[in-house]
Amino acid sequence: MMAPMPTGPKIPTDGVIPCEVQAVLQKNCLTCHGTTLQNSAPLSLVTFQDLVAKSPVDPSQTVAQRVVIRLNDTETPMPPAGGMAQEDIDVIQNWINSNYASGPGGCDNADPFAVDPTCTKNTTWKLGNIGSSDMNPGKACIACHDTMNGPFLSIGGTVYPTGHEPDLCNGGVSGALVVITGADGKVFNITPRTSSGNFYSTAAIKTPFTAKVVYQGRTRAMNTPQKDGDCNNCHTQDGTMGAPGRMLLP
């Protein structure tokens, strides 16, 4: 177990989370523990004050210390989908060991969904329901195909660069990959369209499946296995059914 809160140097109550700690939290935690809590997450981990506050579970420890304890819990690991890499845990632990030393300002926003709605590419789909792999980005693919007698899809959605892109806004970038792992362990690597961000598959995917987006060596993974392959049904502009917003590049 981690030692209780230090009795020597006083724990600061105000400061700036170092960029490397922000990056670890953004990659692993803030989908649920962001400004808007998701999936029954009990606490936000966005601000310096969030992390140095006394833990409601054990007031002798900070929230950050309790975070590390949960990350090292082998029975109920956090994040639930496979835990966190040891090197990322070490980043948080080293920050605690430094007595929560402030980092430089100007880091990227730690909560990727704490942004205003915007159409990043400033281009939209304007051809209605004309058949195309780029059609209707942001909208529920499978529901539309079922209604309009379109081709069968087992999974479909849109990957965006920011968290609240409007419907029909194009979102694609080069080099992104959606990785779907079925309940039987089969892995499906799906490349989103660079023009729209749309991705889809007709393969038989055993549910519940797990999903992650890989981009430039970074990964953003869903914390909860899913049964519904209609990704944009939950990953709407504002998010629904526990989703915080769009499927987002890491």
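I take contact to mean heavy atoms within 4.5 Å. The model I am reading is a predicted one.

**Entry 1: helix α4**

I looked up what the buried residues of α4 pack against, and found α1 (19-28), α2 (48-52) and α3 (63-71). I then noted the extent of α4 itself: residues 86-97 make up its 12 residues. From first C-alpha to last, α4 reaches 16 Å, close to the 16 Å expected at 1.5 Å a residue.

Next I listed the buried residues of α4, which are Asp88, Ile89, Ile92, Gln93, Trp95 and Ile96. Viewed down the helix axis, the buried residues of α4 fall within an arc of 155°, so I record them as lining one face of the helix. On the face turned away from that buried side I found the exposed residues Glu87 and Asn97.

I also checked what follows the helix. Just after α4, Asn99 adopts a positive phi of about 60°.

**Entry 2: Lys206**

I located Lys206 in the loop that lies between β4 (198-201) and β5 (210-215). Is Lys206 buried, partly exposed or exposed? I read a relative accessibility of 48% for Lys206. Exposed requires over 50% and buried under 20%, so I class Lys206 as partly exposed.

I then asked which residues Lys206 is in contact with, leaving aside its neighbours within four places in sequence. I found Gly182, Ala183 and Asp184. For one of these, Ala183, I noted the spacing to Lys206: the two residues are 23 residues apart along the chain, yet their C-alpha atoms are separated by 5.3 Å.

Key:
Residues are numbered from 1 along each chain as its sequence is written. This is a predicted model: local features need pLDDT of at least 70, side-chain atom pairs count only at pLDDT 80 or more; totals for chains, interfaces and linings use all residues. Side-chain values use heavy atoms; hydrogens and water are left out. Helices (H or I, at least four residues) and strands (E, at least two) are DSSP runs, numbered from the N terminus. Buried means under 20% relative accessible area, exposed over 50%, partly exposed in between (1.4 Å probe, protein chains only). The expected span of a helix is 1.5 Å times one less than its number of residues. The arc is that of the directions from the helix axis to the C-beta atoms.
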